[in-house]
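This report goes through selected local features of one model. The sequence and structure come before the details.

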Amino acid sequence: MKIKTLLLSLIACSVCCCPVWANTSENIIFSGPPIISEKIYPGLSDTPFSTLLEKAKKGDPEAMFELGRCYESGRGTAADLKKAAKYYRQSADKGYSYGQAAYAICLLMGQGVKKDLKLFADYAALAAQQDNSLGWQSLGNAYYSGWGVAVNHSKAAECYQKAAALGNISAKADLGYFYSKGIGGLPRNIKKAQQLLTEALEQGDRRAPFFLANIYIQKKSLSDLPRAADYLEIGVERDDDNSRCLLGNLYEEGLGRPQDFRQAAELYQTAASHNFPMGLRCLGRIYMLGRGVEQNSSKAGEYMLKAAQLGDADAQYYCGVMHEEGNGLYKNMKLAVEFYEKAAKQGCFEAQYRLGILYKRGKGVARNMSAAASYLQAAAQQGYQPAIDELNGRASHTAQRAAQPPMTAPSHDNHLGISVAHSVDGFMQELREYAQRYEALGSK
């Protein structure tokens, strides 16, 4: 099999500039841990709503928790997230671990209450102290992502291990992901990762198919891509938007599945309809390219802006590009710089490099060589070759091209050094790099 040469402009390629879990998206869905697990609560009570209400008035914390579930789901009463959070809080403050775990998630998602990451971590810890599996997993998420506590992947791994030991299937998937990457002091062990993820898959975990697909993609062998796509199909059946976006990428590039732009567009549109940042970003990208949809730069800007507002760093970078070029969004260098800065703060090396060039040239900002050097160094530390060349004074082909407004500069050689490949786009970009170097790979 021979790999087709891919035209890679910054808008055409799917570049992952930072870990997706750094997003501030309100829907709290991620491509790797942490994620809000399927809530692990006792079986739904058959107790009538009126009886629960009477018990709650007498101070029964379990009844308070069940009332919260009733108001959250609309069982026996009209759905009311504020009242759900209120009863979860009352149950939590009475010391009921499931109430603590449920209220923690309300605080994380801003569901019925104001979002508060510090309190989220506090209530998760209270539930964990009582060996509540969801409490342990939520606390692991807090340590993994820095939600209300300092980032500590070792503590996150410990929390996931305790949650998994208590039967939390989603935490088992988290551990599988950790072993697949060698995170949190755990050794990189693909066999162990596959074992845990397969168990989670068989027990119905929603994310396990996505993580298993990523393992096959990381092998960087074209012959493994159909197997990866098979797992992603399972993830789509389980309504996982990460799986939708990655499967869309495979269809879009004709890797592991026959190239089908319309199928890719449908997958992205479904994920975007859920307000999923990567789905919005991918949809914006294909509208810019006219892949599977009629080319429409205005719609491209609209979807990209939505993803950027949800905290997606890649989308923020693209919005900077669009504002800089006046393509998809109106030309405005001030806004371009603002979007670049937002993306750069999340570790997007493309944005860091672009800001370095702008400060060096005094374009859209006052010329500032110190700021230019700082941004270029940040990008270089992540292995981004154009930034390294710029700092070393080398006028390389890649540096010259990357210094130009990138939206309209397609290239046939891939210069995008990806240091983080946890997201949908990161995996695809890493695979493309490998495939371009080894065109005959997978022909056996």
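## Basis

This is a predicted model, in which local features need pLDDT of at least 70 and side-chain atom pairs count only at pLDDT 80 or more, while totals for chains, interfaces and linings use all residues. Residues are numbered from 1 along each chain as its sequence is written, and side-chain values use heavy atoms, with hydrogens and water left out.

## Helix 9 and helix 10

Helices are DSSP runs of H or I with at least four residues, numbered from the N terminus. The axes of helix 9 (residues 190–202) and helix 10 come within 9 Å and cross at roughly 150 degrees. Axes here are lines fitted to C-alpha atoms over the stretch in contact, and angles run from 0 to 180 degrees between N-to-C directions. Angles over 145 degrees count as roughly antiparallel, and helix 9 and helix 10 are therefore roughly antiparallel to each other.

On the helix 9 side, residues including Ile-190, Ala-193, Leu-197 and Leu-201 make the contact. Their counterparts on helix 10 include Pro-209, Phe-211, Leu-212 and Tyr-216. Contact means heavy atoms within 4.5 Å.

## Positive phi in two loops

Most residues other than glycine have a negative phi. Asp-131 has a positive phi, near 60 degrees, and is found in the loop between helix 5 (117–129) and helix 6 (133–145). Lys-220 also has a positive phi, of about 60 degrees; its loop runs between helix 10 (208–218) and helix 11 (225–237).

Asp-131 is partly exposed at 48% relative accessible area, and Lys-220 is partly exposed at 26%. Buried means under 20% relative accessible area, exposed means over 50%, and partly exposed lies in between (1.4 Å probe, protein chains only).

## Glu-253

Glu-253 lies in helix 12 (residues 241–253) and is buried, with a relative accessible area of 5%. Its side chain makes a polar contact with the side chain of Arg-291, at 3.4 Å. A polar contact is a pair of N or O atoms within 3.5 Å; within protein, one must be able to donate a hydrogen and the other to accept it, and residues adjacent in sequence count only if both atoms are side-chain atoms.

## Cysteines

A disulfide is a pair of cysteine sulfur atoms within 2.5 Å, and the count by this rule is zero. The closest cysteine sulfur to that of Cys-282 is in Cys-245, 4.9 Å away and too far for a bond. Cys-282 is buried at 1% relative accessible area. Cys-159 is buried as well, at 4%.

Methods
Angles under 35 degrees count as roughly parallel, over 145 as roughly antiparallel, 65 to 115 as roughly perpendicular and the rest as oblique.
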